[in-house]
Amino acid sequence: MEDATALKERIKKLQGLTVKLKLDLHDLTEELPVGWETIPDVAARCHQAYFDLAQARAELASAS
């Protein structure tokens, strides 16, 4: 398990990534039907990032 400082840094990076991926997903929906083929990939990356963020937050909460 990471220490609290490392977890907080990882959470900060994951939060930045989730914002970027959320915007990518939003941009994709705005451009539909162009790029519809990329929906599964963009959604999967967004889902994984939010999953990782939730997991890191849970680790930090249990470490406190």
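Reply: Start with one definition: a residue is buried under 20% relative accessible area, exposed over 50%, and partly exposed in between. Arginine 45 has 37% relative accessibility, so arginine 45 counts as partly exposed. Keep in mind that this is a predicted model.

Me: What makes arginine 45 and aspartate 41 a salt bridge?

Reply: The definition asks for a side-chain nitrogen of Lys or Arg within 4 Å of a carboxyl oxygen of Asp or Glu. The closest N and O atoms of arginine 45 and aspartate 41 are 3.3 Å apart, so the pair qualifies. Aspartate 41, at 45% relative accessibility, is partly exposed.

Me: Why are arginine 45 and aspartate 41 separated by about one helical turn?

Reply: Because they are four residues apart in helix α2. An α-helix has 3.6 residues a turn, so residues three or four places apart point the same way.

Me: How many salt bridges does a search of the whole structure find?

Reply: Three. One of them joins arginine 10 and glutamate 59, with 3.7 Å between the closest N and O atoms. That value is within the 4 Å limit, so the pair counts. This pair links distant parts of the chain, since arginine 10 lies in helix α1 and glutamate 59 in helix α2, 49 residues apart.

Me: Are arginine 10 and glutamate 59 buried, exposed or partly exposed?

Reply: Arginine 10 has a relative accessible area of 26%, which makes it partly exposed. Glutamate 59 is at 22%, and is partly exposed as well. Neither value is under 20%, so neither residue is called buried.

Me: What makes lysine 20 and aspartate 24 a salt bridge?

Reply: Their side chains meet at 2.7 Å, N to O, and the limit is 4 Å, so the label applies. Lysine 20 and aspartate 24 are four residues apart in helix α1, and therefore about one helical turn apart. Lysine 20 is partly exposed at 44% relative accessibility, and aspartate 24 is partly exposed at 23%.

Me: Why is threonine 18 called buried?

Reply: Its relative accessible area is 4%, which is under 20%, so threonine 18 is buried. Threonine 18 sits in helix α1.

Me: With which residues is threonine 18 in contact, leaving aside its neighbours within four places in sequence?

Reply: Ala49, Tyr50 and Leu53. Contact means heavy atoms within 4.5 Å. The buried residues of α1 include Leu7, Ile11 and Leu14 along with Thr18, and the buried residues of this helix pack against α2.

Me: Why is alanine 54 called partly exposed?

Reply: Alanine 54 is at 47% relative accessibility, between 20% and 50%, so partly exposed is the label. Its place is in helix α2.

Me: What is found between leucine 32 and proline 33?

Reply: A cis peptide bond, with omega at about 15 degrees. Most peptide bonds are trans. Proline 33 belongs to the loop between α1 and α2.

Me: How do you know what span is expected for α1?

Reply: The expected span is 1.5 Å times one less than the number of residues in the helix. For the 28 residues of α1 this gives 40 Å, and the helix reaches 40 Å from its first C-alpha to its last.

Me: How many helices and strands does the protein chain have?

Reply: There are two helices and zero strands. The radius of gyration is 14 Å, well over the 11 Å that the globule rule gives for 64 residues, so the chain is more spread out than a compact globule. Its C-alpha trace spans about 45 × 15 × 10 Å along the principal axes.

Me: What share of the 64 residues is buried?

Reply: Buried residues make up 19% of them.

Technical notes: Residues are numbered from 1 along each chain as its sequence is written. This is a predicted model: local features need pLDDT of at least 70, side-chain atom pairs count only at pLDDT 80 or more; totals for chains, interfaces and linings use all residues. Side-chain values use heavy atoms; hydrogens and water are left out. Buried means under 20% relative accessible area, exposed over 50%, partly exposed in between (1.4 Å probe, protein chains only). The radius of gyration is taken over C-alpha atoms; the globule rule is 2.2 Å times the number of residues to the power 0.38.
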